[in-house]
Amino acid sequence: MGCGASRLEPGEDIPPGLLPFRRRLQELKRSRTEESRRRRRERKDSIVSTTELLRPEERDADDFETTEEEISRAVAEKMTVRDALNSAIDEEMAADPKVFLMGEEVGEYQGAYKVSRGLLDKYGPERVRDTPITEAGFTGIGVGAAYYGLKPVVEFMTFNFSMQAIDQIINSAAKSNYMSGGQISVPIVFRGPNGAAAGVAAQHSHCYAAWYASCPGLKVLSPYSSEDARGMLKAAIRDPDPVIFLENEILYGESFPVSADVLDSNFCLPIGKAMIEREGKHVTITAFSKMVGYALKAAEILSKDGISAEIINLRSIRPLDRDTINASVRKTNRLVTVEEGFPQHGVGAEICAVVVEESFEYLDAPVERIAGADVPMPYAPNLERLAVPQVEDIVRAAKRACYRSVPMAAAA
Amino acid sequence: MSAFSAIKILPTHSVASHHHRRRRLSSFPSTCAADLFCSPLAKPIFSSFASASGRSVRGISANVVSDEKQLGSASSVITREEALDLYEDMFLGRSFEDMCAQMYYRGKMFGFVHLYNGQEAVSTGFIRLLTARDSVVSTYRDHVHALSKGVPARAVMAELFGKATGCCRGQGGSMHMFSREHNLIGGFAFIGEGIPVATGAAFSSKYRREVLKEETCNDVTVAFFGDGTCNNGQFFECLNMAALWKLPIVFVVENNLWAIGMSHLRATSEPEIWKKGPPFGIPGVHVDGMDVLKVWGVAKEAIARARRGEGPTLVECETYRFRGHSLADPDELRKPDEKAHYSSRDPISALKKYVITHNLATKSELQTIEKKINEVVEDAVEFADSSPPPPRSQLLENVFADPKGFGIGPDGKYRCEDPGFTQGTAQV
């Protein structure tokens with residue numbers, strides 16, 4: 001955690017609203033070079049030994065400097081998921097003064113994962129509110145504010161911590177519109193990184209997609225790419241109901257190509273619509289969040305064996321886009337579901353039920369379900385690797401579904 | 001001055017006239033309260049270091065920062081053996097954590113690694129007074145608590161390396177240290193999570209004595225947690241229950257003034273945490289957490305109170321972490337002058353100076369200890385590095401105490417009886 005980005009220089013704030021692309025490029029360029037200089041300067045002042053605090057990428061200073069050309073090429077075509085989320089919050093805060101951000105370390109620290117970088121400077125501490133470590137308290141406060149028409153974006157440092165506040169999310173937010181007979185809507189977004197990161201063991205690696213998706217009254221979104229992140233977060237903030245927005249720590253730093261449409265401040269994705277990332281005809285693979293990338297890699301490998309896989313990026317876990325899934329299965333007649341969460345009562349189980357209910361007669365093979373191992377996340381890296389789905393697991397499952405011979409499967 | 005000169009005990013709290021509470025408070029030596037009232041150090045001065053928000057960043061109470069030259073007024077009570085034990089334990093904590101930083105940057109450890117540098121006086125001051133049967137409940141910053149409680153450095157280092165020889169077989173990692181043998185019962189990564197668990201441990205001690213009639217059971221639990229936790233619900237809920245049921249527990253706040261990048265003063269309406277004890281009928285004590293002898297003195301009394309069945313104590317130790325929140329924290333918000341101030345109050349060098357000036361040991365004797373500890377840490381690294389990683393079969397172990405919890409397989413037998421299960425190749 002902690003990528004340690006610098007704030008904007010005073011007087012150089014980018015005006016609220018649409019982020020002009022050129023300015024973004026300049027900002028990134030400036031912050032990257034200044035950051036590396038400043039960090040080295042700060043290490044010298046530090047009370048602790050300087051060399052060992054340098055991260056591996058910083059140790060070799062020459063490697064860390066990026067040429068202007070490299071940056072402009074990267075930025076002109078691509079955007080990180082982190083920047084996509086940041087710009088979505090930024091634009092929605094600029095467009096609607098009722099939107100505010102609240103959570104631990106969102107302000108002065110610029111976000112534990114730097115998603116809220118620069119927002120405190122732009123909108124001030126009233127709208128980018130640092131909270132004490134009191135999930136139950138500040139989540140409830142967010143819900144109460146939403147009862148009165150404000151639009152809080154509540155950040156959980158990780159979704160694991162939302163367990164502390166689950167009463168407020170389920171009982172106070174999800175059920176209120178119903179209990180009040182439609183008098184009280186709760187336009188709130190709960191967002192933060194979800195699921196396994198790397199080496200953070202059992203308590204910091206839980207996927208909550210299935211938990212929240214089982215609860216009526218909530219909408220549950222989980223983006224994969226920068227386009228997803230921008231379009232879905234903006235949709236979530238504008239939505240009149242409570243939305244659980246499950247991000248992924250590993251994806252924050254990943255860059256994706258973005259079109260001019262995606263960068264438009266009016267860009268928004270519909271909630272409840274899946275996206276076909278890759279068309280295919282032999283097997284349907286559903287995935288969300290980081291697993292979409294794995295599924296795409298698996299599809300690449302499968303294509304070499306003559307298997308054409310169709311990859312569905314679910315985007316929305318609840319509501320679930322049953323139509324897209326069923327249409328795809330009716331075409332390919334085979335289904336593999338992929339998720340990082342636990343297998344029992346998981347997202348894959350629900351998708352399987354959806355297909356069995358509506359497209360049973362189209363299935364030519366048993367549904368294959370890839371999930372995390374049915375164990376709390378182990379710390380040791382070799383066991384951790386066994387506990388989360390790998391690309392080769394997806395390849396194997398897809399081949400099994402296509403009745404190709406496959407070697408012995410790994411655990412779970 | 002007594003050993004308690006650096007602590008504050010809430011004197012005439014508005015509700016302290018309640019005779020019940022007064023009786024509880026009186027178990028701390030009355031001289032100490034008297035000392036505090038006449039001591040110039042007891043003035044509630046706030047320090048001059050101002051943060052961006054205009055409030056004091058450090059020195060929540062003046063008496064823990066103004067008494068820098070004098071360490072440990074407990075000279076009359078500490079023996080040579082005790083002093084050397086404290087020194088060895090603190091030095092072990094520091095040396096171990098420095099090694100962890102190196103190993104982390106060499107890619108031997110993973111995920112979040114939170115180091116304890118600077119706070120050693122708290123762990124050492126409390127835990128060295130505990131018996132093997134007493135329990136310690138820690139947070140994600142738990143390596144040094146484990147060491148102080150007697151978990152071998154080899155087992156802790158191997159756990160950090162994710163090896164099968166670690167104290168949790170490589171399954172727990174940096175934030176989840178457990179050792180049933182040493183009564184270290186976590187290792188909790190969530191804020192406030194350990195406090196109820198610790199209170200439960202204390203509850204079990206009292207239950208064993210009173211319900212199960214194990215009359216010799218007077219085990220004490222010490223719960224460590226930080227300043228950030230003290231705004232969390234579980235803290236208040238457990239202060240209430242611990243006082244209500246007079247549980248043998250000591251709540252130890254390691255107030256290092258920062259919750260990642262959130263200053264304690266920016267997060268907390270009443271930053272003096274020790275004051276939150278008395279409203280629940282619990283004595284609140286404030287102690288300089290950079291002075292191991294003062295911590296040790298307070299700990300002695302608080303643990304003894306718990307053991308005598310007089311109930312819980314809340315101790316706020318004002319301390320400082322010399323490194324960022326974790327090794328991944330860029331640590332940009334703490335001011336250099338603040339860091340410099342606290343690093344000049346390094347609890348280990350202070351104890352060293354004290355031991356030498358009071359003729360408890362010579363410089364070369366201390367150097368012998370340091371050399372021995374450095375070897376212990378080196379040995380721990382070698383042990384961890386050469387240990388095997390957990391075997392594949394271990395992935396499915398320990399999910400349940402009874403692996404029949406995995407249910408029955410298609411062959412009608414329990415899944416755990418499948419040979420593939422122990423080879424880690426079963427589909428579960």
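Two residues are in contact, or touch, when they have heavy atoms within 4.5 Å. Keep that in mind as we walk through this predicted model, where local features need pLDDT of at least 70, side-chain atom pairs count only at pLDDT 80 or more, and totals for chains, interfaces and linings use all residues. Residues are numbered from 1 along each chain as its sequence is written, chains are lettered from A in the order in which they are written, and side-chain values use heavy atoms, with hydrogens and water left out.

Let's start with S148(B), which sits in helix α5 (residues 143–148) of chain B; helices are DSSP runs of H or I with at least four residues, strands are runs of E with at least two, and both are numbered from the N terminus. Leaving out residues up to four places away in sequence, S148(B) touches D89(B), S123(B), T124(B), I127(B) and R128(B). Its relative accessible area is 2%, so S148(B) is buried (buried is under 20%, exposed over 50%, partly exposed in between, using a 1.4 Å probe and protein chains only).

Now compare R404(A), in the segment after α19 (391–401) of chain A. With a relative accessible area of 37%, R404(A) is partly exposed. Not counting residues up to four places away in sequence, R404(A) touches D305(A), G306(A), I307(A) and K399(A). Along the chain, R404(A) and D305(A) are 99 residues apart, yet their C-alphas are 9.8 Å apart in space.

Next, the inside. In soluble globular proteins, nonpolar side chains tend to be buried together. A nonpolar core here is a set of buried Ala, Val, Leu, Ile, Met, Phe, Trp, Tyr and Cys residues joined through side-chain atoms within 4.5 Å. The largest one has 82 residues, and I285(A) and V336(A) touch the most other members. Helix α15 (residues 290–304) of chain A gives the most to this core, namely seven residues. Beyond its neighbours within four places in sequence, I285(A) has contacts that include A295(A), L302(A), V336(A) and I394(A). Another core, apart from this one, has 73 residues, including L84(B) and L115(B).

The largest cavity is lined by 42 residues, with I133(A), Y140(B), I191(B), I260(B) and H325(B) nearest its centre. Strand β5(B) supplies the largest share of that lining, three residues.

Methods: 1 Å grid on protein atoms, 1.4 Å probe; cavity = no way out; pocket = protein on both sides within 12 Å on 5 of 7 lines; lining within 4 Å.
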